[in-house]
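Subject: Structure handover and findings

Hello,

Here is the structure for your files. My notes on it follow below.

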Amino acid sequence: PQAESPRRIAVMGATGSIGDNALQVIAASQGRLTAVALSAHSRLERLVELAKKFTPKWVIATDEVAAKAYKWRGLPKETELLVGAEALEQVARDAEVDTVLAAIVGSAGLGSTLAAVEAGKTVALANKETLVAAGPIVKKLADKHGATLLPVDSEHSAIFQSLKSGTRSEVHRIVITASGGPFRTWNADALRQVTVDEALAHPTWDMGPKITIDSATLMNKALEIVEARWLFDLPADRIEVMIHPQCIVHSMVEFVDGSVIAQMSPPDMRLPIQYALEYPHRREAVAPRIDWTQRMHLEFEPADIGRYPAIELGFRAARKGGTAGVVVNAANETAVAQFLEGELHFTEIVPACKSVLESHNFNPTPTLDELAKLDQWARREVENWVCA
Ligand code: NAD
Ligand code: MG
């Protein structure tokens, strides 16, 4: 039989942690996957280095000021340089792209994800903020344009894989696992004093700064609850969260007969990325396997809502739908930035998000324009909240 032509991947956010892992998966794919586009915001030297290795058709530099100041020496002659955020959307729609890997952090990833969905592409979705902010709109557009959304987030990949054991109506609930973050055993006094460096050191995952802080506050789990609600079209009361510090069981599906199907593997993003990029196939492992010669101890404990107010907030946003997600996400992005700049205490991040959710003008069926306005409003609210 004739060999299939390689699947053409646009890696949006190529210089980040997910981008880096994805490029390892692509490099190991024996030609089945090829990187046709690589985007970066500000690490342009790294972008050129990657372009030399992968000779993509396009590199996209989204920070225009940085791009214009940069010399661009060493870019392969086959590679075209595109500048600005609109170039992400142009490439996401291009006929020479099969799969868009949405690995830009935060709401900056929304535009290119929407463009890919509208062009009916396969979207390997790492950028959870997109679904949190605009889940119902993204899903509706995906249905309309025949786009496929494949989860990259490890929990959602685990659920997606486990769901294959039954039909939709046979699903009783999904159980999202959470590491509990680096401060799982700290008391309230110690938590108030958490420094930026302590919050940036995650025990099991090596990730970008924003999601590392989200993992420490458990806002990452809040966002994942909302992400799951839209991705799998499940009401919030069908979603459970369990603390599982070893991060081996990445999430589970409980079926009506009581059977629970879980996906297990060592914590390494290359596996869910590979699954999404190669879907529907399983390929030889790039990430390490579980070592069955070693004793393994897996713990699960219910998530104590009192200890983890973020989880409660995530359930609230998932239950409310409408504009709840966009304001929680925007408030969180701003609060995390403020924390990293030393303007906000660690323990103020979640209350800031909660306060913005409670005070916003709720709309159950917003348009994209209304979402964009509320996103800006929520950011200003948190900035004012910090000053007050
Ligand atoms: P990162 O900070 O390491 O990388 C972010 C990427 O986005 C970089 O390539 C950067 O150049 C680009 N970027 C930043 N700001 C931009 C802007 N304004 N416009 C365009 N591009 C911009 O982040 P990451 O850890 O790789 O996470 C990426 C996304 O994947 C996030 O949404 C995160 O929640 C999600 N995710 C990450 C992990 C993980 O293990 N890192 C796991 C699950 C989900
Ligand atoms: Mg996750």
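Which residues does the UniProt annotation "binding site" cover? According to that record, an unreviewed entry, they are Asp-153, Glu-155 and Glu-224. Please keep in mind that the model is predicted. The three residues span 72 residues in sequence, but no two of their C-alpha atoms are more than 8.4 Å apart, so they gather at one spot.

Asp-153 sits in the loop between E7 and H7. It is buried, with 28 other C-beta atoms within 10 Å, where 20 or more are needed. Apart from residues up to four places away in sequence, Asp-153 touches Ala-126, Lys-128, Glu-224 and Glu-227.

Glu-155 belongs to helix H7 and is buried too, with 27 other C-beta atoms within 10 Å. Beyond its neighbours within four places in sequence, Glu-155 contacts Ile-176, Thr-177, Glu-224, His-250 and Ser-251.

As for helix H7 (residues 154-162), eight of its nine residues are buried, so the helix is largely enclosed by the rest of the structure. The buried residues of H7 pack against several elements, among them strand E8 (171-178), helix H11 (219-231) and strand E10 (249-255).

Helix H6 (residues 128-145) packs with H11 at an angle of about 20°, the axes being 8 Å apart. H6 is therefore roughly parallel to H11, and their crossing is left-handed. Residues making the contact include Lys-128, Leu-131 and Val-132 of H6, and Glu-224, Glu-227 and Trp-230 of H11. By class, this contact has seven nonpolar, one polar and six charged residues.

Regards

Conventions: Residues are numbered from 1 along each chain as its sequence is written. Chains are lettered from A and ligands numbered from 1 in the order in which they are written. This is a predicted model: local features need pLDDT of at least 70, side-chain atom pairs count only at pLDDT 80 or more; totals for chains, interfaces and linings use all residues. A residue is buried if 20 or more other C-beta atoms lie within 10 Å of its own, exposed if 12 or fewer, and partly exposed in between; C-beta atoms are placed from the backbone. Helices (H or I, at least four residues) and strands (E, at least two) are DSSP runs, numbered from the N terminus. Two residues are in contact if their C-beta atoms, placed from the backbone, lie within 7 Å. Axes are lines fitted to C-alpha atoms, for helices over the stretch in contact, and angles run from 0 to 180 degrees between N-to-C directions. Angles under 35 degrees count as roughly parallel, over 145 as roughly antiparallel, 65 to 115 as roughly perpendicular and the rest as oblique. A crossing is left-handed if the near helix is turned anticlockwise from the far one by less than a right angle, and right-handed if clockwise. Ala, Val, Leu, Ile, Met, Phe, Trp, Tyr, Cys and Pro count as nonpolar, Asp, Glu, Lys and Arg as charged, and the others, Gly among them, as polar. UniProt positions are given in the numbering used here, feature names are shortened, and annotations may be inferred rather than shown by experiment.
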